[in-house]
Amino acid sequence: MQEIERFFGNLFSGIINRFKYSAMDAADRKMRETIDDQIEQRRQKPKPQDRENRE
């Protein structure tokens, strides 16, 4: 009986861990994409000094 409980306990904890790490990985990926997008937007905007130099 204990072996069956241990088997299902390991099975379910493995499945839960897989979902948990998958969710953490997705959140990490989304955070990195957001940061990259913000950096790219800042690079594309001309700086105030650049505008003054052009005029």
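Me: Why is F7 called exposed in this predicted model?
Reply: The relative accessible area of F7 is 51%. Exposed means over 50%, so F7 is classed as exposed.

Me: What makes F8 partly exposed?
Reply: F8 has a relative accessible area of 39%. Buried requires under 20% and exposed requires over 50%, so F8 is partly exposed.

Me: Why is the aromatic pair of F7 and F8 called edge-to-face?
Reply: The ring centres of F7 and F8 are 5.2 Å apart, with 75 degrees between the planes. Pairing needs centres within 6.5 Å, and planes over 60 degrees apart count as edge-to-face. The F7 and F8 pair is therefore edge-to-face.

Me: Why is the pair of F8 and F12 called stacked?
Reply: Their ring centres lie 6.2 Å apart and their planes are at 25 degrees. The cut-offs are within 6.5 Å for the centres and under 30 degrees for the planes, so F8 and F12 are stacked. Both residues belong to helix α1 (residues 2–44), where being 4 residues apart separates them by about one helical turn.

Me: What makes F12 partly exposed?
Reply: F12 has a relative accessible area of 49%. Exposed means over 50% and buried under 20%, so F12 is partly exposed. Together, F7, F8 and F12 form one aromatic cluster.

Me: How do you know that K20 lies over the face of Y21?
Reply: K20 is at 5.6 Å from the ring centre of Y21. The distance cut-off is within 6 Å, and K20 is assigned to a position over the face of that ring.

Note on methods:
Residues numbered from 1 in each chain as written. Predicted model: local features only at pLDDT ≥ 70, side-chain atom pairs only at ≥ 80, totals over all residues. Heavy atoms only, no water. Phe/Tyr/Trp six-rings, centres within 6.5 Å; stacked < 30°, edge-to-face > 60°. Buried < 20%, exposed > 50% of the residue type's maximum accessible area, 1.4 Å probe, protein only. Helix = DSSP H or I, 4+ residues; strand = E, 2+ residues; numbered from the N terminus. Lys NZ or Arg CZ within 6 Å of the ring centre and 35° of its normal.
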